[in-house]
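Subject: Structure handover

Hello,

Here is the structure for you to look through. My notes on it follow below.

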Amino acid sequence: MSEVDDLGLGRLRRVANVRDIWSHEATAFTPWLSKHLDILGDELGAHLAVVATEAPVGEFRLDIQALDEQGRTVIIENQLEPSDHAHRGQLVVYASGVDASTVIWVATRMRAEHRSALESLNGSTPPGVGSFGIEIEAVRIGDSPAASRCLPMPSRWVDTACCGLPFSAARHRTRPQRRRDRDGAR
């Protein structure tokens with residue numbers, strides 16, 4: 001099968017193992033992501049600015065501490081493997097330790113149970129507080145250099161960008177309201 005079709009479009013392929021690109025989470029992926037935080041920001045519809053990497057939280061280290069455009073604290077925990085309970089616990093510790101308004105969990109795959117936990121948190125937290133999962137993968141076309149691709153889950157910020165509401169207002173709309181906003185009034 002050709003890598004390029006008859007219109008000249010290439011076929012996007014996943015790199016089998018993200019560790020072929022980023023060999024180590026703390027020494028390769030976190031520094032790379034901190035320099036390219038706009039990738040996450042673009043997917044979430046928010047501007048994020050790095051405050052620190054490997055930021056101390058008590059005796060522990062938070063992968064990335066950032067600020068959003070309103071100056072609120074955002075924490076980013078990275079995992080170059082599928083989501084797990086240990087990292088879920090770390091997110092809670094880090095969020096409370098730095099009084100974060102937004103939690104972003106980056107993993108190669110967000111397990112259904114963890115996606116559900118993020119949705120549950122988003123349904124029970126006050127306005128302006130959110131939890132997001134991001135699946136990270138590396139892709140390429142043919143022999144091109146690999147490129148990163150982020151897939152947000154849940155997509156609350158993405159949903160709010162589509163309907164034009166500020167993050168906190170959109171979080172407290174009902175599911176039918178969000179669906180109408182997304183699909184257009186009928």
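Pro 56 stands opposite Arg 61 in S3. This is a predicted model: local features need pLDDT of at least 70, side-chain atom pairs count only at pLDDT 80 or more, and totals for chains, interfaces and linings use all residues. Residues are numbered from 1 along each chain as its sequence is written, and side-chain values use heavy atoms, with hydrogens and water left out.

Strands S2 (residues 49-57) and S3 (residues 60-67) run antiparallel, joined by seven bridges. (Two strands pair if DSSP finds at least two bridges between them. Strands are DSSP runs of E with at least two residues, helices are runs of H or I with at least four, and both are numbered from the N terminus.) The two strands form a hairpin with two residues between them. Gly 58 sits in the turn and has a positive phi of about 60 degrees.

**Salt bridges**

How many salt bridges does a search of the whole structure find? There are three. (A salt bridge is a side-chain nitrogen of Lys or Arg within 4 Å of a carboxyl oxygen of Asp or Glu.)

- Glu 137 with Arg 14: the closest N and O atoms are 2.6 Å apart. Glu 137 is in strand S6 (residues 130-141) and Arg 14 in strand S1 (residues 12-14), so this pair ties together parts that are 123 residues apart in sequence. Glu 137 is buried, at 6% relative accessible area. Arg 14 is exposed, at 57%. (Buried means under 20% relative accessible area, exposed over 50%, and partly exposed in between, with a 1.4 Å probe and protein chains only.)
- Glu 81 with Arg 19: the N to O distance is 3.8 Å. Glu 81 is in the loop between strand S4 (73-78) and helix H3 (85-98), while Arg 19 is in the loop between S1 and helix H1 (25-35). The two are 62 residues apart. Glu 81 is partly exposed at 32%, and Arg 19 is partly exposed at 31%.
- Arg 72 with Asp 68: N to O is 2.8 Å. Arg 72 is partly exposed, at 25% relative accessibility. Asp 68 is buried, at 5%.

**A buried charge without a salt bridge**

Look at Glu 135, in strand S6. Glu 135 is buried yet has no salt bridge. Its nearest side chain of opposite charge is Arg 115, 4.4 Å away. (Lys and Arg count as positive, Asp and Glu as negative; His and the chain ends are not counted.) A polar atom of the Glu 135 side chain does lie 2.8 Å from the backbone nitrogen of Met 110.

Helix H4 (residues 112-124) has 13 residues and reaches 19 Å from its first C-alpha to its last. That is close to the 18 Å expected at 1.5 Å a residue. (The expected span is 1.5 Å times one less than the number of residues.) Which residues of H4 are buried? They are His 114, Leu 118 and Asn 122. These fall within an arc of 85 degrees seen down the axis, so they line one face of H4. (The arc is that of the directions from the helix axis to the C-beta atoms.) On the other side of H4, Glu 113, Gly 123 and Ser 124 are exposed.

H3 has 14 residues and reaches 20 Å from first C-alpha to last, close to the 20 Å expected. His 87, Arg 88, Leu 91, Tyr 94, Ala 95 and Val 98 are buried in H3. They cover an arc of only 125 degrees around the axis, which puts them on the same side of H3. His 85, Ala 86 and Ser 96 are exposed on the other side of H3.

Best wishes

Terms used:
Polar contact = N/O pair within 3.5 Å; in protein donor to acceptor, adjacent residues only side chain to side chain. Expected span 1.5 Å × (residues − 1).
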